[in-house]
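Student: Please show me the model. Then let us go through its strands, its chain contacts and its helix packing.

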Amino acid sequence: MTRIKVLFFAELGEIFGRARFIDIKEGSTVGEVVDLLAAESDRLYPKEPALIYAVNANLETREKKLKDRDELALMTPMSGG
Amino acid sequence: MSVTDKPIALQEFFSEPSPQSCGAVASFVGIVRNHDHGRAVKFLYYDCYRFMAEKVMRTIVEEALNRWDVEKVQVSHRVGRLGIGDVAVAISVSAAHRAEAFEACRFVIEEIKERVPIWKREIFEDGTSEWVSCAHAETHG
């Protein structure tokens with residue numbers, strides 16, 4: 001089993017909470033975690049085309065494979081400044 | 001280079017001396033305005049992935065230093081609750097000449113808006129609120 005930490009911000013933080021640990025199968029991808037979370041809230045998939053993913057603070061794609069203790073951030077498009 | 005939940009004191013921010021080889025300092029200050037798309041704004045709340053935000057801001061500063069002949073770049077972005085008129089972001093770019101300073105300063109603010117994981121929530125006078133999405137963030141100050 002692989003345990004990762006998932007971080008949520010802004011609107012996603014309101015839906016899923018700020019952070020949580022999730023146990024996944026070894027070699028699971030970012031996309032598979034997104035699918036898992038989408039089962040919890042129907043508000044995730046409509047945002048998905050614009051979602052930005054970071055693993056350990058580096059931008060990644062849905063295809064990125066996750067390792068034990070990785071920190072995955074699910075982010076909507078940024079709006080700082 | 002910082003992300004802070006404390007007010008940005010401009011006098012202090014701009015008090016850092018520039019290298020003596022610099023003849024130009026270009027700056028940008030983003031402040032919270034009281035309206036957006038015709039709606040009265042009461043205050044803003046900025047959420048932030050702080051670790052990554054500081055990392056990406058450092059990268060943007062390095063890119064500016066590599067791409068233009070500029071010698072010093074300072075950036076500070078505030079997060080948390082900000083009132084109307086508060087400073088949200090301050091940028092200062094020192095260079096030998098003004099053209100490079102202006103261009104690099106513009107680059108830094110545009111890249112911050114696009115790439116730094118900070119999100120703005122607008123709380124309106126009518127009691128409603130919404131997270132600003134990138135799609136219309138480009139028209140923001």
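Tutor: Two strands pair if DSSP finds at least two bridges between them. Helices (H or I, at least four residues) and strands (E, at least two) are DSSP runs, numbered from the N terminus. This is a predicted model; local features need pLDDT of at least 70, side-chain atom pairs count only at pLDDT 80 or more, and totals for chains, interfaces and linings use all residues. Residues are numbered from 1 along each chain as its sequence is written, with chains lettered from A and ligands numbered from 1 in the order in which they are written.

Student: In β5(A), which residue is the bridge partner of A:L7?

Tutor: Strand β1 (residues 2–8) of chain A is joined to strand β5 (residues 71–75) of chain A by four bridges. The two run parallel. In β5(A), A:L7 has as its partner A:A73.

Student: Which element gives the largest share of the side of chain A that touches chain B?

Tutor: Contact means C-beta atoms, placed from the backbone, within 7 Å. By that test, 15 residues of chain A touch 26 residues of chain B. Elements giving two or more residues to chain A's side are β5 and α1 (10–16) of chain A. The largest share, three residues, comes from α1(A).

Student: Are α2(B) and α3(B) roughly parallel or roughly antiparallel?

Tutor: Axes are lines fitted to C-alpha atoms, for helices over the stretch in contact, and angles run from 0 to 180 degrees between N-to-C directions. The axes of α2 (residues 50–67) and α3 (residues 98–115) of chain B come within 10 Å and cross at roughly 150 degrees. Angles under 35 degrees count as roughly parallel, over 145 as roughly antiparallel, 65 to 115 as roughly perpendicular and the rest as oblique. So α2(B) and α3(B) are roughly antiparallel.

Methods. Two residues are in contact if their C-beta atoms, placed from the backbone, lie within 7 Å.
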